[in-house]
Amino acid sequence: MGGLPFEAPQKIAYRSVDTSSTPDQASATGKNEIVMPERAEADAQFPLFSSRTLAMQNQNAFSERFVINFKESVRGLTVGAPVEFRGVHIGEVASIETAIDPKTYEVFQPVEIYLFPDRLQVRTLSDGALIKPSKNAEDGLKEMKALLAHGLRAQLGSASLLTGAQYVGIDFFPKAPKYALNVSKTPWEIPAVPSTLDDMEKTLSRVVKNTDRVLTKLDDQVIPQFNQTLKNVNSMTASDSPLQTDLRDSLRSLTKAADSLKTLSDMLDQQPQSLLFGKPSQGAK
């Protein structure tokens, strides 16, 4: 036997936050509350999902569509890949296409994404009040321009180094070049910044090239010089080399000098007066 479990995601009732009011005034407006969904009506239809995770994603949640024009490879990015803000899953990739500028022949990878603002519960620092996402077109445009002015950008990230899967990361890059939002084009564009993986690949490429140059220099200069040095050492240490002959002559001279010193030492030991009177004659005792 089997069964179908039913569960409804909890919803948060936002209290309005007036950014122009003081923290005391804002805290007086009330608190956010978790509101349980209403009971289902008679003969209501319920879609089935393969997992609780998919079911609790609230497919009918408010979403916004954006496009990101990547100038780099999007290999490993797939439709349905997550869109994250500092690790928080706030959307997913809707489509991946290729576009080209007919004048400059510059190739882009337009990636359209869905963002679910309700998934990113942003709170004020003053009292922790949840800021309700704006669903008004005019207010949404102002918020979007403000976010872009503060460096909101998109960037490809690695979801798995093993499989090569990628995701789209949304974050703030204060040093990113300024961008003017073109509101005449829909969906609105979130500018892209180069991914760290692209920088890593360029760095690895430079390292490989430098390594190749070093190895080439070793093969062309250092190793031949080292071989020549070894040949010189071998020639100097050969048995018939001038150095070896000089060394043997020097050793013979040192041996003779040592014998002379030993003879002198023996004579002084037997005849110490020779230091004053000189070496005695052969007939003297």
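## Salt bridges in a predicted model

Asp 171 is partly exposed, with a relative accessible area of 21%. Partly exposed lies between buried (under 20% relative accessible area) and exposed (over 50%), using a 1.4 Å probe and protein chains only. This is a predicted model, in which local features need pLDDT of at least 70, side-chain atom pairs count only at pLDDT 80 or more, and totals for chains, interfaces and linings use all residues. Residues are numbered from 1 along each chain as its sequence is written, and side-chain values use heavy atoms, leaving out hydrogens and water.

A search of the whole structure gives 4 salt bridges. The term means a side-chain nitrogen of Lys or Arg within 4 Å of a carboxyl oxygen of Asp or Glu. Among them are these:

| Pair | Closest N to O |
|---|---|
| Arg 65 and Glu 112 | 2.5 Å |
| Glu 138 and Lys 142 | 4.0 Å |

Asp 171 sits in strand 9 (residues 166-172) and Arg 86 in the loop between strand 4 (82-85) and strand 5 (88-96), so the pair ties together parts 85 residues apart in sequence. Arg 86 is exposed, at 60%. Helices (H or I, at least four residues) and strands (E, at least two) are DSSP runs, numbered from the N terminus.

Arg 65 bridges to Glu 112. This pair also links distant parts of the chain: strand 3 (residues 64-70) holds Arg 65, strand 7 (residues 107-115) holds Glu 112, and they are 47 residues apart. Arg 65 is partly exposed at 33% relative accessibility. Glu 112 is buried at 19%.

Glu 138 pairs with Lys 142. They lie 4 residues apart in helix 3 (residues 137-149), so about one helical turn separates them. Both Glu 138 and Lys 142 are exposed.
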